[in-house]
Amino acid sequence: MKQQVTFLLDNWMRIHSEAAGTEKALQYIQLLQQNGIGKNEDQTERFFRLSTELVVEAVLKNAVNGESGALKELSTQGKALNYGVMDAYAKLVSLLIRHMNGGGTMEQVATQRISLLNKVLGVTVRTLMTDYEKNKGEGHGANPRWDQRPWFRLLLNLVIDLNSPSPSLDPISFGILSVFGSAFHVVQPLVVPGFAFAWLELVSHRMFLSNLLLVKGQKGWGIAHQLLIDLFLFLEPHLRKIELTDAMKHLYKGTLRVLLVLLHDFPAFLAGYHLSFCNVIPENCVQLRNLVLSAFPKGMVLPDPFTPNLKIDLLPEISRSPVILSNVTGPLGGMRVDLDGYLKNRQPADFVSALLPRLYKDGKNEIDAARVNSLVLYVGIQAIARLQNTQIAHTLAHTPEMEILQKLMEFDDRGRYISLNAIANQLRYPSSHTHYYSCVMLFLFSEASDEGVKEQVTRVLLERLIVHRPHPWGLLITFIELIKNQRYQFWSHPFTRCATEIEKVFESVARSCLSPPSHRSATTGGGDMSQ
Amino acid sequence: GGLSLESTERGSRSGSPNDSAAAISPNQQQRSNSVPSNFDATASYLGALNESFLHCPSNADSERQRTYTPRNPYPTPSSYPSVPSPIFDNPAVFEKLGTDCLFFIFYYAQGTYQQYLAARELKKQSWRYHKKYMTWFQRHEEPKVTTDEYEQGTYVYFDYETGWCQRIKSDFRFEYSFLEDSLH
């Protein structure tokens with residue numbers, strides 16, 4: 001079989017080099033199909049697996065010949081691989097898919113094409129993973145054996161070929177994108193870390209990610225969300241630790257760029273999934289999270305937060321709820337029933353007093369931040385429904401929602417930090433949520449008898465503002481209100497003067513917040529991301 | 001051996017990486033079980049990521065291969081360039097080329113990106129293509145007559161058939177139905 005495949009491929013290379021895309025090439029495709037490729041399951045599977053192995057081997061052999069072993073540099077810059085064979089093979093695959101036609105209605109043919117692509121990509125990623133496992137660890141460090149590039153080239157070729165506009169594929173373009181999405185999900189960095197850089201390049205490629213997000217009816221958003229979550233989950237434990245290797249720094253930088261592109265082109269996508277993104281971005285990644293939280297729907301104009309006497313209560317936007325695409329109630333799990341009961345008629349009565357232990361991960365002495373995030377958002381949504389048409393600031397107190405949020409302040413420092421972050425995550429563009437949580441944050445500050453709570457509220461707000469732009473609009477509004485409004489007696493608290501460095505930070509932030517320079521654009525999101 | 005992308009939301013971190021890979025195939029399930037569930041073993045991830053970084057795809061890895069096949073090969077000295085310079089893929093270069101050169105590319109490099117770029121540049125310089133005569137025209141003066149269907153006046157045109165030069169034609173009627181306007 002291997003000999004046969006080699007023979008077939010050799011033939012194809014010759015035809016391809018002479019006359020790509022012509023009559024002869026099409027005849028060849030028909031010949032392959034007559035031999036069962038694309039129709040007979042086993043035959044097809046074997047053909048694609050052996051072909052992939054052969055072309056990857058060929059590309060790598062080319063590279064090895066080009067290097068003088070001893071002087072081999074560790075960097076791959078300037079050491080180009082010869083992809084001729086790979087490109088020809090990719091062309092063959094995409095022609096096979098384009099011309100797949102097992103008869104039947106147009107819809108049936110479309111399904112056949114999608115299922116052939118599914119098969120090809122399935123074989124490709126499985127072969128990739130087997131190859132990776134085989135070569136992993138051999139010659140660790142100095143002479144890494146596994147090279148992701150031939151695989152990258154193969155997948156990239158297919159992404160470009162099959163997502164370019166063409167009459168035969170346009171009707172199934174979403175199907176094609178989802179099959180690619182599934183394949184990328186399978187080889188995510190947590191599963192094949194050696195493929196991480198190629199993976200990010202593929203996932204963020206304009207022919208994939210932008211096309212996916214542009215599909216009508218936001219049908220592709222779920223897939224894009226899943227892949228970004230895959231990326232964050234890989235980064236999370238490493239970003240949480242402060243030490244970062246060079247490679248990790250580069251991957252992080254790449255992630256930042258992808259997010260910047262998304263913030264510029266698809267802000268509603270980032271904004272819609274802010275809850276689940278914040279669940280997987282560690283608390284210490286302030287800028288990464290600010291990028292997500294600064295996103296606001298295109299076309300919205302945010303009032304300058306430095307306008308003197310800006311009254312957030314009077315903005316028309318604050319009666320509108322933001323679009324939440326993440327699953328809010330999922331992480332609440334079994335708590336949901338009791339929570340609903342308590343919000344409705346304060347039953348079970350001991351709900352609040354027994355709340356904190358239920359926010360830990362099962363069997364672990366670790367707070368489930370995702371559950372806290374969901375709890376905070378869910379409680380707020382219920383509170384807003386309750387408080388509709390009333391003056392929020394005067395009616396916050398003594399509601400079951402506020403009791404729950406205040407209870408969170410009885411956590412230890414770590415738990416309180418997570419809870420306050422969950423609240424600060426809702427301080428975004430003008431909306432009913434931003435308004436409500438801004439009031440909550442200020443209320444928690446003013447009602448706290450514990451100086452520690454006030455200090456932590458300040459910390460959570462301040463640490464999101466001393467980083468580089470963008471800064472979420474609601475966050476600025478809340479902080480400005482805190483330091484400006486006399487009722488909070490902000491400057492009388494000892495923590496504002498506990499160290500000269502901190503005092504200086506406060507002064508400079510206060511200066512920039514209280515006396516707005518003329519050319520300032522503090523919030524950036526949507527269309528204004530010129531840095 | 002199909003693929004499936006879980007559409008389930010991952011609100012909580014407890015779902016993942018293990019769950020996500022599990023649905024794929026027995027072969028990979030085995031693999032994903034070996035993924036440590038707590039991240040003490042970050043070293044192995046960092047090592048692998050480092051290897052990925054060493055073979056990080058560069059721009060060259062995503063660019064299309066340039067394959068050039070001469071249309072009518074002829075033995076030329078080996079010191080002559082054997083493939084066209086990549087500079088001709090850069091639209092900016094076409095702004096610097098003279099009109100004659102743009103006409104040469106237009107009539108000689110049929111069906112190529114370069115032909116498109118040459119035509120685009122000619123259009124920018126107020127030349128208009130006449131589909132019937134396959135000839136480029138430029139107004140020599142304001143047209144004497146202008147209607148919805150045509151304009152009439154004195155034009156400069158490029159004679160590609162007999163003289164390879166620009167000539168003047170007075171009293172020419174340019175029917176708009178022959179005006180090529182699909183190119184932007």
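Contact here means heavy atoms within 4.5 Å of each other. With that in hand, hello everyone, and let's look at chain B. Among its contacts between residues at least 6 apart in sequence, 39% join residues at least 24 apart.

A quick word on the model: it is predicted, so local features need pLDDT of at least 70 and side-chain atom pairs count only at pLDDT 80 or more, while totals for chains, interfaces and linings use all residues. Residues are numbered from 1 along each chain as its sequence is written, chains are lettered from A and ligands numbered from 1 in the order in which they are written, and side-chain values use heavy atoms, with hydrogens and water left out.

Now the layout. Chain B has six helices and five strands; these are DSSP runs, H or I of at least four residues for helices and E of at least two for strands, numbered from the N terminus. Along the sequence the pattern reads α-α-α-α-α-α-β-β-β-β-β.

Let's turn to the strands, which pair if DSSP finds at least two bridges between them. Strand β1 (residues 128-130) and strand β2 (residues 135-139) of chain B are antiparallel partners over three bridges, with Arg128(B) bridged to Phe137(B). Their hairpin has four residues between the strands, and there Met134(B) takes a positive phi near 50 degrees. β2(B) also pairs with strand β4 (residues 150-159) of chain B, antiparallel and over three bridges; Gln138(B) stands opposite Val156(B) in β4(B).

On to the aromatics. Rings of Phe, Tyr and Trp (its six-membered ring) pair if their centres lie within 6.5 Å; planes under 30 degrees apart are stacked, over 60 edge-to-face, and the rest tilted. That rule gives 43 aromatic pairs over all chains. One of them is Tyr133(B) with Phe172(B), a tilted pair at 6.1 Å centre to centre and 55 degrees between the planes. Tyr133(B) lies in the loop between β1 and β2 and Phe172(B) in strand β5 (residues 165-175), so the pair ties together parts of chain B that are 39 residues apart in sequence.

Are these two buried or exposed? Buried means under 20% relative accessible area, exposed over 50%, and partly exposed in between (1.4 Å probe, protein chains only). Tyr133(B) is partly exposed at 39%, whereas Phe172(B) is buried at 7%.

Last one: Arg173(B) lies over the face of Tyr150(B), 4.0 Å from the ring centre. The rule asks for NZ of Lys or CZ of Arg within 6 Å of the ring centre and within 35 degrees of the ring normal. Thanks, everyone!
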